[in-house]
Amino acid sequence: MRLGIVRGHVTLTPAVPELLGLTLVVLEPVTMANLRAKNGLGGGKSLVAVDALGAARGQMVAFTEGTEAANPFWPNRAPVDAYCTLIVDSITTGKS
Amino acid sequence: MFLARIDGTVVPAAKHATLEGCRFLVAQRLEADGSAGAEPLVLIDLLGAASGSTVLVSTDGDIARERYGNTTPGRMVVMGIVDPVQGTGRAA
């Protein structure tokens, strides 16, 4: 999983049936330098992920990419390749 | 699979229901020359890897599905902790 900061939400009208009712968030991935600096900046190339946890704008999440991102919809299939797996409360980094 | 160095731990405020009780670590992917990747990764740890240690990570979600069920989005799992004595010399 990578880390990303929620920068906004996406609403689709219309959308394919598989995505109806899902919450989509725009994520900005966080680089190691920005994570260490705790400056609230991301720095990566943004992407859209499904969020079922209710992450708010500005919160940091860890997101799964690839086919595993569609696992939560099993046994149904979903055209999803990024999924918010956890919302970060805090991160403790030790020695580098 | 790839090698990564553990940088710290993640405390989740919320997580997917299948991953209740899991330990999450922040790590950086290691290149062959020992340099670290620019983006941090969050790993599921089953083995108790300590901060600073080098681990082997699999990006296949199979072991996560086996342990946490078919609906888990878990993917990157720590498969082992690299023995620093037998490592590249840069480990640990």
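Chain A has one helix and five strands, where helices (H or I, at least four residues) and strands (E, at least two) are DSSP runs, numbered from the N terminus. Chain B likewise comes to one helix and five strands. This is a predicted model, in which local features need pLDDT of at least 70, side-chain atom pairs count only at pLDDT 80 or more, and totals for chains, interfaces and linings use all residues. Residues are numbered from 1 along each chain as its sequence is written, while chains are lettered from A and ligands numbered from 1 in the order in which they are written.

**Chain A**

- Read from the N terminus, the order of elements in chain A is β-β-α-β-β-β.
- The C-alpha trace of chain A spans about 45 × 25 × 20 Å along its principal axes.
- Chain A has 96 residues, of which 36% count as buried; a residue is buried if 20 or more other C-beta atoms, placed from the backbone, lie within 10 Å of its own.
- Of the contacts in chain A between residues at least 6 apart in sequence, 55% join residues at least 24 apart. Two residues are in contact if their C-beta atoms, placed from the backbone, lie within 7 Å.

**Chain B**

- In chain B the elements follow the order β-β-β-β-α-β from the N terminus.
- The C-alpha trace of chain B spans about 40 × 25 × 20 Å along its principal axes.
- In chain B, 40% of the 92 residues count as buried.
- For contacts in chain B between residues at least 6 apart in sequence, 55% join residues at least 24 apart.

**Where the chains touch**

- The contacts between the chains involve 31 residues of chain A and 29 residues of chain B.
- On the side of chain A that touches chain B, strand S1 (2–10), helix H1 (32–37), strand S4 (60–65) and strand S5 (82–93) each supply at least two residues.
- S5(A) gives the largest share of that side, ten residues.
- By class, that side of chain A has 16 nonpolar, eleven polar and four charged residues. Ala, Val, Leu, Ile, Met, Phe, Trp, Tyr, Cys and Pro count as nonpolar, Asp, Glu, Lys and Arg as charged, and the others, Gly among them, as polar.

**Strand pairing across the chains**

- S5(A) and strand S1 (residues 2–15) of chain B run antiparallel and are joined by seven bridges; two strands pair if DSSP finds at least two bridges between them.
- A:Val88 has B:Pro12 as its bridge partner in S1(B).

How values were computed: A residue is buried if 20 or more other C-beta atoms lie within 10 Å of its own, exposed if 12 or fewer, and partly exposed in between; C-beta atoms are placed from the backbone.
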